[in-house]
Amino acid sequence: MQLNSFKFLSGVAMGCLLMSCASENTAMTEENTEDHSPAVAMDIPDPYVRGSDALSPDRTPPHPSKDSYGMDPETGIFKHPAATPEQHDSQDFEGKLDYWDANDYAHNMKVEAYYPITVEPFHTWQNIVDFDGRRYMYQYVRRDLKIFDITNPKDIKVLLTRGAEWGPHGPANEETNPYPEDEMFGAATIQWSEAQNAYVMVQAYEIRRFGLLSDKRTQPKNVEAIRKSPHLKGFKVYRMDGPMPDDWTLLAERTTDLTNPDAPIGNQQGSGVRDIPQWTGGKYMFVAAAPDDNHALTEYPNDLYSAGYQAWDMSNPADPKFVGSISMPGQILGNPEDEAIFAANPRAGNRTSWFGARMSLFIPTPVDEGGKYGFAAMGGLGFYVVDISDPANMNIISHLDFPPSVAGTEGDYIDISQYHSSGLIYYSGYPLNEDCWEPYKDVYILDVNDPENPKNIGVLPRPTAPEDAPYTDYCQRGGSFGPKRTGYYHQPGVSREGILPFNFYNAGLQVFDATDPKNPEIAAYFVPRFDEEKVPGFAMGNLSHSVYVEYDRNLFWLFVNHGIYLLSSPLLGEPSFDMPEKAWPPRS
């Protein structure tokens with residue numbers, strides 16, 4: 001889901017997240033006090049969880065010995081554990097700061113503005129759209145939403161708030177202008193539709209997990225409640241005749257349940273649409289979704305589904321039509337070939353790894369414009385190149401595996417901004433555990449000039465601590481450390497050749513210059529402070545969770561757990577604080 005879905009702390013289930021999601025099904029809290037130790041010869045009532053677990057013995061990674069990881073006193077660099085189980089508690093080590101660093105650090109970066117506005121401290125999505133000469137930004141996650149007027153980015157205005165209001169003690173007791181309990185603002189794309197002669201928004205609706213389920217092997221009632229979730233598993237389509245929800249008209253809603261596409265809410269199978277749908281306003285849309293409950297081969301403890309991909313015909317946004325789907329080998333319970341591939345994966349049985357898609361296909365050129373390839377990040381299943389030229393008959397072109405990196409998410413995101421100029425893409429997962437208590441998540445450089453023979457040619461450099469910082473390695477700073485994403489494909493304007501702005505959690509915004517991919521370097525960064533006056537203790541470790549770039553105004557928006565930073569850098573060019581000449585998203 002992300003949400004930084006995975007970044008939600010388990011403790012939030014008993015505190016803050018209950019404000020926004022646990023109320024949707026109180027039955028899901030009944031078993032939160034159960035033993036969450038690894039499943040060993042236990043009775044698992046759910047046939048899909050039971051069937052998946054039966055394919056391999058319990059290989060949950062043990063807690064590593066203290067002498068196997070930690071600070072190297074000679075180099076001042078942290079050595080990561082080889083493998084760890086999934087967990088969210090603080091993991092102190094010798095050399096870690098015993099306080100939250102309240103300093104900012106910047107190189108080749110300028111803070112243009114700071115806004116102490118928080119939608120939610122763990123993860124949010126963003127979209128930007130222009131109406132009538134003004135620019136609006138949506139920041140949201142599930143039932144929490146804020147709409148901003150960012151026409152003047154140095155003086156943004158909050159136009160609408162829905163959901164929980166966050167402060168230093170967590171969310172307020174009462175929500176502001178709340179959504180109905182079965183509703184949410186799902187991860188969305190907004191594009192111009194010729195058929196509607198208007199902007200059209202497609203919102204993803206996927207299963208809710210965090211705050212509802214922590215261990216599928218020991219919480220059968222919670223699993224059953226998610227199977228019968230009282231909300232849509234699929235997507236909704238809205239016509240936008242203005243920036244505010246009152247201006248939107250629901251055109252269509254569809255379930256991604258391919259077993260029974262007419263199933264009512266509560267009986268729909270599968271995961272629903274995960275993260276942002278991939279649609280640029282043309283005929284075809286691609287989404288990540290598990291189409292039924294048989295797509296169950298995943299180890300991650302609070303997820304029931306391994307998602308593949310679906311293609312939909314959006315020629316008429318008011319009547320989306322299913323076109324085709326594809327799954328990768330090792331996803332489907334009950335298929336002997338899939339089960340054998342899953343069981344042979346070195347991650348099988350670790351009760352920790354994410355398998356399947358977290359995001360939709362990454363598509364350099366839309367099929368409508370002659371595009372042929374989609375790139376797939378499939379967690380523990382690795383990287384795939386998919387031929388999407390005939391969306392009704394998608395097929396696998398090639399595949400790459402990577403060394404296990406457990407815990408944490410492996411294979412979540414692919415930056416394709418450099419593909420057309422170099423044939424290179426950047427493939428990464430992201431950290432889940434606190435205090436670097438997991439292997440470091442490399443950003444792999446993949447050469448896909450020959451899509452049938454992709455090559456792993458290197459990694460981006462691991463960020464190093466600022467010279468004036470009271471630590472020599474970011475792991476010492478506390479919280480999570482590692483790459484997340486460089487934003488989303490629907491950011492305004494055109495990305496810069498060789499420039500990769502990765503959000504890096506406790507290392508803030510790290511901007512890589514990969515103009516020479518054999519010698520990539522960090523050319524700019526902004527590392528924000530921790531702010532104990534604005535953030536509850538249980539959310540401190542998730543410092544920065546998202547970057548969104550206005551390439552048409554040369555501005556970075558960095559979203560952190562205590563607010564929003566507006567940043568500029570010479571790497572993008574001279575910033576503009578005026579409205580761009582061309583509206584975004586582009587109109588035909």
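These notebook entries concern the nonpolar cores and salt bridges of one structure.

**Entry 1, basis.** I worked from a predicted model, in which local features need pLDDT of at least 70 and side-chain atom pairs count only at pLDDT 80 or more, whereas totals for chains, interfaces and linings use all residues. I numbered residues from 1 along each chain as its sequence is written, and side-chain values use heavy atoms, with hydrogens and water left out.

I looked up the nonpolar cores (sets of buried Ala, Val, Leu, Ile, Met, Phe, Trp, Tyr and Cys residues joined through side-chain atoms within 4.5 Å). Buried means under 20% relative accessible area, exposed over 50%, and partly exposed in between (1.4 Å probe, protein chains only). The largest core has 97 residues, of which Phe375, Phe383 and Trp557 touch the most other members. Strand β12 (residues 198-205) gives the most to this core, six residues; strands (E, at least two residues) and helices (H or I, at least four) are DSSP runs, numbered from the N terminus. A second, separate core of 34 residues includes Ala307 and Leu381.

I searched the whole structure for salt bridges (a side-chain nitrogen of Lys or Arg within 4 Å of a carboxyl oxygen of Asp or Glu) and found 36. Arg217 pairs with Asp53, the closest N and O atoms being 2.8 Å apart. Arg217 also bridges to Glu299, at 3.1 Å between the closest N and O atoms. Because Arg217 lies in the loop between β12 and α2 and Glu299 in the loop between β16 and β17, this second pair ties together parts 82 residues apart in sequence. Arg217 counts as buried at 3% relative accessibility, and Glu299 is buried at 0%.
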